[in-house]
Amino acid sequence: MTKRFSLALIAVVALAMLILPASAAVNQITQGGDVFIGEEGLDVSAAVGAFNQVAWFASGTNPSTDTPNAVIAVGNPASFYVAPADFVGKTGNWYRWDGGATRNQVAFNVVDPNIAIKIWDQNANKDVTGKSVPAGNFENFRVETNIYSVTNRLNYAGEGFVNIRVKTADGATYTSLWQSTTVSVPLTNRVVDASLWYWVPAGNVNQGWNTGVIDTNGARIYKAGVYTVYAEISLNKMKDNYKAPDGSDYTGKTVTTTNTVSIASDTVKVEASKDVVVRGNPFSVTVTGRPNTYYAIWVKGTGQMTGLATDQPPLMLADQKDVTNDPMGGPYDIGTYAYEGGAGRTIKQDVPSGPAPTNGVYYYAAVKTSNSGTITVGFTSGADTKDKKYTIRVERGPGAINMPAPWNVNLYGDQYKSDEVDVKVEKGTVTVVAAGDQSYFLGQEIKLSGTNSETDTVYLFITGPNLPGNGGRLTDPRMAVTNNIGNTFTTADVMDDNTWEYKWQTANLNIDSGTYTVYALATPNDRNNLGDAQYATVSLIIRKPFVSATASQSTVAAGDKFYLRGVAEGQPSPGVAVWIMGKNYVLYTTESVNSDGTFEKEISEGVTSNMASGQYFVVVQHPMYNDQLDVYPRADAGYPYRYVVGPYPIMGAENIIFTLQGPGSLQGSDAAEALVIALDNPSVDDTYTKLQFLIEEPSIRISPITEKMVGDKFEISGTTNLAVDDELLVEVVSSSFAPTSKTQSGEFSGATGTVKVVKGTGGFNTWSFPVDSTTFKPDEYIVKVQGVTVDVTETTLFNVVEGVVTTVTTAPPVTTAVTTAATTAPPVTTAVPTTTPGFGALVALIGLGAVAFLIVRKH
């Protein structure tokens, strides 16, 4: 049988060769006809006539008047060569040329050839170049070219000039392709007579390359795999003459690009994106089979499951492209597919029938592969997905005949094509942590975070002393959560990376200080139903907030700034309130609290300059649990702090507790005591701390300065009640320094500069100013120290004297230290003070004389 088929094949090929025309030259060019770059052996006699040359005029020039841009000798007109070296870049009309005597006679039109090929599927009626086609589809070839005008040449007798090449993966090249077991269609010497040309009539599903044709033994002639396709021009040695710049065949000019088409195998394969899936996460499977073909896909062997909560297989995602599910209410046409080995059972019977209202239609589907023979189907898992191994099966077989169109085409006779893949669904995990050291103050924001690989939502509740036994909401700990009722829990969304975060505001919570436990769950299970739940816990210590404060200095100079600094735990959103009270004086203000609990309130120079000397009382108020200041001042009758009001004795009302400003107001310590009593009331949850400070008139003291000699280095120092880091301006000026006439030098003698106040002891701060008297003149000096920002000044006097040089004769030479000079003999110079008569100078002279007498006597 095989031998007879082979003989028939040879006979068909021989017949095709016989009916092809003999190899005749397609070379007769009439005047104005097309010639293609690379053609040789053309007979252009009729085109050029009696002229020996042809000329070309570039675009924009006038053949009637202009000089040609190129002139070529025709040579032998019966064998003309359209040489690429002469004609590339010079396409268009070439004119007969005799030097210009004759004009505007076109000889021929030079054309730059082009060619392209595509594989066209007759069944799908579309381009499948580079794609996969089912075995059995008919394929066509679509050629796009500009050389079709060859068929219009003089004496053209149907000679072919395009060869289509089809190669197997092994490199074998076909010269024809079988359309049936008895008919083949040639690929070589094809006559392309249109710019868009088809190898066989387009759209005819029974003509062309039959990719499923079988031989006499029932085996497919064209095996599954990749085939390469290209076309080439065989016209007048054009392909040999017209080469690319690198010397290769000129792609796009005389040969097409090499394209591919794949014949799909009859097998089907399914692969999963993940072998193991954590419950709550999606996965997908990819089916690879015949292109544009329907397959049944389902979660195999799950019919014994209920499909109810915690007993469901993974579900297919709804509304996927090329994935068709039965309507939830029926009819269940796709579900009627009878699968292989099921003894007549259908795929709908092999999956759960619940839950309502989906009725199991998302456990199976009919899927259609793409042009390349693949499709990806998405599945989802959740809290109700039972953790176990599942088998996803894809199949196509005779069972499809019971299905409605287009799934009921029996492609494989009585054969089944199928594949399976296993996917294991595991329980996810939940974690929870609390930022910080797990010890917090009421009113503080607590950041809870963690992971949840099980579901898209984290459910939170809290347990602790006297809270509901099954757990309470984080936002209202005394309100119990209800098992499986999600909206009774505090919830947080899970991000794509399985992380979650919840910022718990503990202000105004109805709980006391103590130890509490926060539960984080993948499902809304209360504390009494944690058996199958995925959860984690974190323990927290909740403490009562407090406030502390100190003044930067206990004694403040009027007109000097100072600070109230402290710590207010619990991150109170309104901050803390600062009350300052003295005789006929009230100041109320609030200050925000930093993230670390610290606060600082500056009492500026402008404020203290208006404060009389005396004692002042400070109360710093913390809003505590309800995060609001329950006691506060209220303006009235032109007084900004007329009354102090609070929540008692009538709850919810603004009750006047006492008068702070104006007629009948409390003063100083009485007002401070009344405020403390108000804050201590049981109806007020605010807490406080208290302190006091003194305001004094600013003062600077200068320590006594002894008499100094020119050249001495010393410090002028003293004390002050000005604040630390306040600046003092120190001026040291000769008392004789005064305006001079133009003829006098007017030299300045003294020093000036600023110094900062440093912290001292005994209630006073200190300051010091270094002096170098090297440039000083002997004189009485005035020291003036004054505040830079505070209006206070102090002065004092001291003297600077000058030393004299004396000569003392001694022998032999001896070195003796006298005052600050070295004494030697012969002549020694000694610095001896000399000033206007005074007790100090007299004593110094007597002492020096005594020393000199002893030295002379010794020698």
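The following conversation goes through selected features of a predicted model.

Colleague: Before we start, what kind of model is this, and how are residues numbered?
Modeller: This is a predicted model, in which local features need pLDDT of at least 70 and side-chain atom pairs count only at pLDDT 80 or more, while totals for chains, interfaces and linings use all residues. Residues are numbered from 1 along each chain as its sequence is written, and side-chain values use heavy atoms, with hydrogens and water left out.

Colleague: How many helices and strands does the protein chain have?
Modeller: The protein chain has seven helices and 58 strands. Both are DSSP runs numbered from the N terminus, helices being H or I with at least four residues and strands being E with at least two.

Colleague: And what share of the residues is buried?
Modeller: Of the 859 residues in the protein chain, 46% are buried. Buried means under 20% relative accessible area, exposed means over 50%, and partly exposed lies in between, with a 1.4 Å probe and protein chains only.

Colleague: Which strands pair with strand 17?
Modeller: Strand 8 (residues 132-133) pairs with strand 17 in the parallel sense over two bridges, and Ser132 stands opposite Ser262. Strand 16 (residues 225-233) pairs with strand 17 in the antiparallel sense over five bridges, with Val229 and Asn259 as bridge partners. Two strands pair if DSSP finds at least two bridges between them.

Colleague: What is its volume, and what is the lining made of?
Modeller: The second largest cavity has a volume of about 30 Å³, the volume being the space filled by probe spheres set on grid points joined across faces, edges and corners. Its lining has three nonpolar, four polar and one charged residues. Here Ala, Val, Leu, Ile, Met, Phe, Trp, Tyr, Cys and Pro count as nonpolar, Asp, Glu, Lys and Arg as charged, and the others, Gly among them, as polar.

Colleague: New topic: Thr490. Where is it, and is it buried or exposed?
Modeller: Thr490 is in strand 32 (residues 490-493), and it is buried because its relative accessible area is 6%.

Colleague: What does Thr490 touch?
Modeller: Leaving aside neighbours within four places in sequence, Thr490 is in contact with residues including Val458, Tyr459, Leu474 and Tyr502, where contact means heavy atoms within 4.5 Å. The side chain of Thr490 also reaches the backbone nitrogen of Leu474 at 3.0 Å.

Colleague: What about Asp772? Which strand holds it, and how accessible is it?
Modeller: Asp772 lies in strand 52 (residues 765-772) and counts as partly exposed, at 38% relative accessibility.

Colleague: Which polar contact does the Asp772 side chain make?
Modeller: The side chains of Asp772 and Thr774 are joined by a polar contact of 2.6 Å. A polar contact is a pair of N or O atoms within 3.5 Å; within protein, one must be able to donate a hydrogen and the other to accept it, and residues adjacent in sequence count only if both atoms are side-chain atoms.

Key:
1 Å grid on protein atoms, 1.4 Å probe; cavity = no way out; pocket = protein on both sides within 12 Å on 5 of 7 lines; lining within 4 Å.
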